[in-house]
Amino acid sequence: MDVIFATTPATVEERYGRKVGKVGGYLPPLGLATVAAYVRENGYSVDLIDTVVLGITEDKLLAHLRKHRPKVFAITAITFDFGRATKFCEQVRGEFPDMLIVIGGVHAHLQPFEVMESHRCYDIL
């Protein structure tokens with residue numbers, strides 16, 4: 001596996017701050033999917049994991065990384081789950097020191113210098 005793209009593990013309730021039922025709770029990660037499609041079209045093997053829709057926890061995502069050992073792990077985060085993404089990627093960095101870790105999403109793009117200077121677990125924004 002070349003690249004695994006993932007959303008930050010969270011429940012729908014955590015993402016929206018309350019139960020929203022089946023209305024508006026499962027919006028596909030279109031930005032992540034677009035980048036994954038581009039990478040795949042250029043000859044790399046990719047996996048795209050929407051952790052919210054699939055109900056994948058941090059432990060399950062880490063197990064998936066252990067099983068497939070990608071060269072690159074790319075995660076997207078919005079402001080509310082950026083801390084969770086960072087904590088998870090610090091764990092990934094500890095276990096896979098040579099894996100390239102990419103952070104994307106709204107928070108990282110609004111605060112690029114703070115993200116890259118303050119969080120050494122990320123290699124690329």
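Mentor: A nonpolar core is a set of buried Ala, Val, Leu, Ile, Met, Phe, Trp, Tyr and Cys residues joined through side-chain atoms within 4.5 Å. Buried means under 20% relative accessible area, exposed over 50%, and partly exposed in between, with a 1.4 Å probe and protein chains only. This is a predicted model: local features need pLDDT of at least 70, side-chain atom pairs count only at pLDDT 80 or more, and totals for chains, interfaces and linings use all residues. Residues are numbered from 1 along each chain as its sequence is written, and side-chain values use heavy atoms, leaving out hydrogens and water.

Now the core. The largest nonpolar core has 23 residues. Leu 65, Phe 73, Phe 88, Val 92, Ile 103 and Tyr 122 touch the most other members. At least two residues come from each of S1, H4, S3, H5 and S4. Helices (H or I, at least four residues) and strands (E, at least two) are DSSP runs, numbered from the N terminus. H5 gives the most to this core, with 5 residues. Another core lies apart from it, with 8 residues, including Val 3, Val 39, Val 72 and Ala 74.

Take Leu 65. Contact means heavy atoms within 4.5 Å. Not counting residues up to four places away in sequence, Leu 65 touches Ile 4, Pro 70, Phe 73, Phe 88, Val 92 and Phe 96.

Leu 65 belongs to helix H4, residues 58-68. The buried residues of H4 are Leu 61, Leu 62 and Leu 65. They span an arc of only 100° around the axis, so they sit on the same side of H4. The arc is that of the directions from the helix axis to the C-beta atoms. An α-helix has 3.6 residues a turn, so residues three or four places apart point the same way. The other side of H4 has Asp 59, Lys 60 and Lys 67 exposed. The buried residues of H4 pack against S1, strand S2 (46-49), helix H3 (51-54), S3 and helix H5 (79-95).

Next, the end of H4. Arg 69 lies in the loop between H4 and S3. Arg 69 is exposed, with a relative accessible area of 53%. Its phi is positive, about 45°, although Arg 69 is not a glycine. Most residues other than glycine have a negative phi.

Now H5. Ala 85 is found in this helix. Ala 85 is buried, at 0% relative accessible area. Leaving aside residues up to four places away in sequence, Ala 85 touches Thr 8, Ile 75, Ala 77 and Tyr 122. Ala 85 and Ala 10 are 75 residues apart in sequence, yet 9.8 Å apart in space, C-alpha to C-alpha.

Ala 77 lies in the loop between S3 and H5. Ala 77 is also buried, with a relative accessible area of 1%. Beyond residues up to four places away in sequence, the contacts of Ala 77 include Thr 8, Phe 82, Ile 103 and His 107. Ala 77 and Arg 66 are 11 residues apart along the chain. Their C-alpha atoms are separated by 21 Å.
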